[in-house]
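Me: I have a model open and would like to go through a few of its sites with you. Could you take a look at it with me?

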Amino acid sequence: MKNGEVAELLDRLGDLEEANGEDRFKVVAYHRAATSVRNLDEDIETVWRERRLEDIRFIGEGISRKIDEYLTTGRLRLLEKLEERTPPGATLLTKVQGVGPRIAYHLSHDLGIDSIVKLKEALESGRLDGEFGPKVRESFREGIERLASYEKRMLLPEAEGEFRKLESYFEALGIPIAMAGSLRRGRGTIGDLDLLSSDPGAVEAIKGCPGVAQVVESGPKRASVKLGDGVQVDVRIFAKEEYGAALLYFTGSKDHNIAMRNLAIEKRWKLNEYGLFDREGKRLAGETEEGVYRELGMEYIPPELRENRGETEASLEHRLPALLEFDDVRGDLQMHTKWSDGSGELEAMARAAKGRGYEYIAVTDHSASVRVANGLTEERFRRQWKEIDRLNEALAPFTILKGVEVEIRSDGSLDFGRDFLDEFDVVGASLHQNFKQDPEKLTGRVLKALAHPSVDFLCHPTNRLIGRREGNPIDLAKVIKGAKDNGKMLEIDGQPKRLDLDELWARKAMEEGVPLVVDSDAHSVGELDNVGYGVTVARRAWVQADCVANAGGLKGFMRRVS
Ligand code: DGT
Ligand code: CA
Ligand code: CA
Ligand code: ZN
């Protein structure tokens, strides 16, 4: 049924006519007609075939002719003309609450304000004082602010959570959808969600999805909506034979797409979101991503690598790495329990980790000087070890390693002396305090810790908190060299707000031959899931299992750390 599609079309016509300064009657006529079509309980195509369009309430000769053109040709010339004529930015400005199509037209056409940034500047400079009253200006300001706070990027769990909700909503309707965009590539932060479907019903479905606060844009084959919490979701419809090409295109990244398109052009072919076509326009591939890569003489490129960082060249030469898989991870090497700042009992953490199929974990509570995290003294660690010994007997062959996340003090010395540190199975070192030192001093502090014979790996090397705190300005190239020279490992901390090392530095470390550890830094049983995010970072860093210390069994790992 095309009722929704036609209604959309009429609404869009109304908006564009309004944005182009058409008179109110015409605009209202379109919107009224749209509502009648939307509420029609017959199939509009049946009505159209039986030439009864003008029997529909609020549809006269003019509008009926437009519906006829659209249903006959699939296009509407007037709409295309209007889209072209609409001043740049006018549709963008209507994203700001309080700016309707007419105001957007005025702003853009008469005042040259064609972006939200320009609107903000104009408000601040007082340029709009004579144009709009104080109340209206205030409403613009509020609208912009709301938009800005809405446009923050999401961390992975938030984006995944939103996706999962949508996935089950569509599943209940029997509408297949696929995830594309940065979330499919596993990027650390996600701007918006991109969904594809081969079912045209997906457009109406997303607009009617509970939780949708605003329909930002919509047409027959696409819709963009905002969820109540500001998350934007783009849904696009493609035919079966286009689906793989569309998935490739909307998975991106943009730079990967451009590289791919250029490879097609080299063969005098054409690649776009509809397919791969030869010189005569004959379709060579498009139904699957694999097919597109194959026709271009390439190996399939996993989404995590699609960032134009050498993956197309490697794929053409069939030398893509066999990326680390989640199941390769045999043990989790950083976690906290109730002994320090975790919320889970040590036993609960261990049992949950065993339940996940791990062979071993390291419990790495904080050391004494991290008072905010209830760091452990030597005496408390010794008591913890008794609990670990008991559990190891109960849970064998599963093994809990006695670990510590030892604090690197301001002068680069560690919280405990060497003798005591050597009693631990695993020592991770990190700094949580006194970041305000100059970069050289900070780097020196880390290098000194890496040179300490008891240290096995450096935890969350930069200490960044995504969206809240930049990483410490340490010289990571020197840190990587320090790790290499001392035979130490570097961590990819899987906490979604950390992801530290990031993919670019993790890749450099690997290229220098420095072993990595991928772990959860869990502070609760649920956060043991974080390992998955760490694996994603590793994959985006081109990391293979043999570069990851905890992708090996316990025996090999113990040889490494003793
Ligand atoms: P995000 O949403 O900012 O986290 O990042 P993406 O990668 O999901 O970007 P988004 O949602 O703007 O667009 C989805 C994909 O669509 C993007 O990864 C590649 C493709 N795409 C978007 N705009 C362009 C473009 O101008 N050229 C090309 N070649 N591809 C584009
Ligand atoms: Ca996106
Ligand atoms: Ca998008
Ligand atoms: Zn830490």
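**Calcium site, arginines and a helix**

Reply: Aspartate 194 is buried, its relative accessible area being 12%, where buried means under 20% relative accessible area, exposed over 50% and partly exposed in between (1.4 Å probe, protein chains only). This is a predicted model, in which local features need pLDDT of at least 70 and side-chain atom pairs count only at pLDDT 80 or more, while totals for chains, interfaces and linings use all residues. Residues are numbered from 1 along each chain as its sequence is written, chains are lettered from A and ligands numbered from 1 in the order in which they are written, and side-chain values use heavy atoms, with hydrogens and water left out.

Me: Which protein donors does the calcium ion (ligand 2) have?
Reply: They are Asp192 (O), Asp192 (OD) and Asp194 (OD), at 2.2 to 2.6 Å from the ion; donors are N, O and S atoms within 2.8 Å of the metal (3.2 Å for Na, K and Ca), and since water is not among the atoms, sites may look incomplete.

Me: And what does aspartate 192 bridge?
Reply: Aspartate 192 bridges the calcium ion (ligand 2) and the calcium ion (ligand 3), which lie 3.7 Å apart.

Me: Changing topic, where is arginine 498 found?
Reply: Arginine 498 is in the loop between β16 (489–493) and α22 (503–511), where helices (H or I, at least four residues) and strands (E, at least two) are DSSP runs, numbered from the N terminus. Arginine 498 counts as buried because its relative accessibility is 10%.

Me: What does arginine 498 touch?
Reply: Not counting residues up to four places away in sequence, arginine 498 touches several residues, among them His432, His460, Asp493 and Asp521, contact meaning heavy atoms within 4.5 Å.

Me: What about arginine 507, which residues is that one in contact with?
Reply: Arginine 507, found in helix α22, is in contact with Arg309, Ala541 and Trp542 once its neighbours within four places in sequence are left aside. Arginine 507 is buried, at a relative accessible area of 16%.

Me: Last one, what do the buried residues of α7 pack against?
Reply: They pack against α1 (3–19), α6 (90–93) and α8 (116–125). The buried residues of helix α7 (residues 101–111) are Pro101, Ala104, Tyr105, Leu107, Ser108 and Leu111, and just after α7, glycine 112 takes a positive phi of about 70°.
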